[in-house]
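Please keep the sequence and the structure in view while reading.

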Amino acid sequence: MDWGKRNRIARMFPGRSGNTVMLAVDHGYFMGPTSRLENPRATITPLLPYADAIALTRGVLRTSVEPSTTTPIVLRVSGGATVLKEDLSDEALTTSVRDAVRLNASAVALSVFVGAPHEHDSLVNLASLVESGEEAGMPVMAITAVGKELEKRDARYLALACRVAAELGAHLVKTYFCEGFSKVVEGCPVPLVVAGGPRLDSDRAALELAFRAISEGAKGIDMGRNVWQSDHPVPMLKALRAIVHDRATVAEAEAVLSDSKRDR
Ligand code: 5RP
């Protein structure tokens, strides 16, 4: 792998743990003003110091993040469908690698929709993004999207989707945690990070998800709603960091959460 790409990846996986805590705030590109992300700047600003990377679109990057930030940018470059349509898989590449370089992104990210009506298009988009990424030294993160079919989040499906993404050249894959997650990790030769999915019942449930994902081989998390839809987003991100970087148990992470709530 060339130096530029290695450097970009290394910056997203800092510190001794070699893992990453990414903050996902790209939901608006198909969901509109998602609850508690209505004003992206207000949501992002307090969380940014605790994120190893931030995943977002160029629109939100330009309008809602100060250019002086040193946090690595994972730029969402696919889109073209919204929640108003039944089929979310009808996506194209919406931002060029050239613009990603101009925006000083550390990686570009796109969704792949395995098994969906536009499976073929999304996989060809991935292959083409990898081609342009290779030319520019830009890592590509594939996101194994499930559209509205949340029940697809099982090990058999996710192992297939992650493996296909890695085979087509993705340097990183973002997927969901599931029962039997270690099988997904085993079959995927590139690092996996896990999304949180829709808000869970409690902060503890989200910490448990992160703990189990890291214990079973994820190299990090790329969470959104379970951070900024929590009533305590910054303490929550600090607690997740304890799990991802310090191998804290769920109980230890809950203590970080409580201490941090008290300090605020
Ligand atoms: C949206 C995404 C999100 O970035 C991803 O799902 C992570 O966010 P959350 O933890 O809220 O699921 O890719 O398409």
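## Around the ligand

In this predicted model, the shell around the ligand is made up, by class, of five nonpolar, five polar and three charged residues. Of the 13 residues there, the ones that come nearest are Ala24, Ala195, Gly196, Gly224 and Arg225, and the elements that contribute two or more residues to this shell are β10 and α10.

## The overall fold

The protein has 12 helices and 10 strands. Its radius of gyration is 17 Å, close to the 18 Å that the globule rule gives for 264 residues, so the protein is as compact as a globular protein of that length.

Among contacts with a separation of 6 or more, 66% join residues 24 or more positions apart, and buried residues account for 48% of the 264 residues.

## The nonpolar core

The largest nonpolar core has 83 residues, of which Met22, Ile54, Val108, Ala210 and Leu240 touch the most other members. Leaving aside neighbours within four places in sequence, Val108 is in contact with residues including Leu75, Val97, Leu129 and Met138.

## Helix α9

Helix α9, residues 203–215, reaches 18 Å from its first C-alpha to its last, close to the 18 Å expected for its 13 residues at 1.5 Å a residue. Its buried residues include Leu207, Ala210, Phe211 and Ile214, and among the elements that cover the buried residues of α9 are β10, α10, α11 and α12. After α9 comes Gly217, whose phi is positive, near 115 degrees.

Technical notes:
Residues are numbered from 1 along each chain as its sequence is written. This is a predicted model: local features need pLDDT of at least 70, side-chain atom pairs count only at pLDDT 80 or more; totals for chains, interfaces and linings use all residues. Helices (H or I, at least four residues) and strands (E, at least two) are DSSP runs, numbered from the N terminus. The expected span of a helix is 1.5 Å times one less than its number of residues. A residue is buried if 20 or more other C-beta atoms lie within 10 Å of its own, exposed if 12 or fewer, and partly exposed in between; C-beta atoms are placed from the backbone. Two residues are in contact if their C-beta atoms, placed from the backbone, lie within 7 Å. A residue is near a molecule or strand if its C-beta atom, placed from the backbone, lies within 6 Å of it. Ala, Val, Leu, Ile, Met, Phe, Trp, Tyr, Cys and Pro count as nonpolar, Asp, Glu, Lys and Arg as charged, and the others, Gly among them, as polar. A nonpolar core is a set of buried Ala, Val, Leu, Ile, Met, Phe, Trp, Tyr and Cys residues joined through C-beta atoms within 7 Å. The radius of gyration is taken over C-alpha atoms; the globule rule is 2.2 Å times the number of residues to the power 0.38.
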